[in-house]
Amino acid sequence: MDVKLINPFINATINVLETMAFVTVTAGKPYVKQDSKAIGDVTGVLGLTGVANGTISVTFEENCILTVVSNMFGEEMNTLNEDIADAVGELTNMISGQARRELDEAGKVFKAAIPSVITGKDHAIRHYTDGPKIAIPFKTDGGEFTIEVCFDRQKRG
Amino acid sequence: MDTSIKVLIVDDFATMRRILKNILKQLGFKNLVEADDGTTAWEVLETQEIDLIISDWNMPKMTGLELLKKVRASSQYKTAPFLMVTAEAQKQNVIEAVQAGVSNYVVKPFTAEAISDKLKKILK
């Protein structure tokens, strides 16, 4: 997979979390993920079409997303509920938007679908294309989360 | 900046409406109304007198851009302040919004200061 398609999602993730939730975010080393099991408790998934077709997902561990959303709302959140799921959807949407802006500046235009959210222990993430799933782990003061980026093998920009 | 005005916040994500409400309340705005898509927003605009519209772009039923065009085509709201707050930040999006008559544009993610600065500009 073209690394130029991955870096904008890493940059966008850091920017969105640091700006909206005031947390310090550190990216780990990307790797190819072999299975579909989510590394966390709540996932936002969003489809992309354009110079390549694919999906991005953002999966948060419970402690991490509770800290993130507490900071976003300015009030303490204690359980994974509809408010948390909605926030994960909007975070996924913002990460997609920021990344697409960077990609657009490089001449790679993408359109995004409206995100969906999956919640629960050991849930699976279904990417809609057959390309390699590149996972990038992130650490925050409140816990860890992982993004996955998966583009098809067919089209290249 | 007159904070007694009535503000309509339009976003399909409750999270974003909540964040924007928190920021607006901190700025002193008290008269806040919400809608979760463009269609509902238009119903609010037809039944209530709104002084400022803050809208997302990418929403089901009616997008923020469609709402903006409808607002600008109406006699009541053709000059109403309309702030687009959206993750749609590609050049073409900004051009389309400007051509449709948006008052100003904030890209998500944003800080409270960014919202405050834009509101001061469009409400002066």
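Reader: In chain B, what share of contacts between residues at least 6 apart in sequence join residues at least 24 apart?

Author: Two residues are in contact if their C-beta atoms, placed from the backbone, lie within 7 Å. In chain B the share is 61%. This is a predicted model, in which local features need pLDDT of at least 70 and side-chain atom pairs count only at pLDDT 80 or more, while totals for chains, interfaces and linings use all residues. Residues are numbered from 1 along each chain as its sequence is written, and chains are lettered from A and ligands numbered from 1 in the order in which they are written.

Reader: Which pattern does chain B follow along the sequence?

Author: Helices (H or I, at least four residues) and strands (E, at least two) are DSSP runs, numbered from the N terminus. Chain B reads β-α-β-α-β-α-β-α-β-α, with 5 helices and 5 strands.

Reader: How many residues does each chain bring to the contact?

Author: Chain B brings 18 residues and chain A 20 residues. On the side of chain B that touches chain A, helix 1 (residues 14-27) of chain B gives the largest share, 6 residues.

Reader: Is helix 3 of chain A largely enclosed or exposed?

Author: A residue is buried if 20 or more other C-beta atoms lie within 10 Å of its own, exposed if 12 or fewer, and partly exposed in between, with C-beta atoms placed from the backbone. Helix 3 of chain A is largely enclosed by the rest of the structure, because 17 of its 24 residues are buried.
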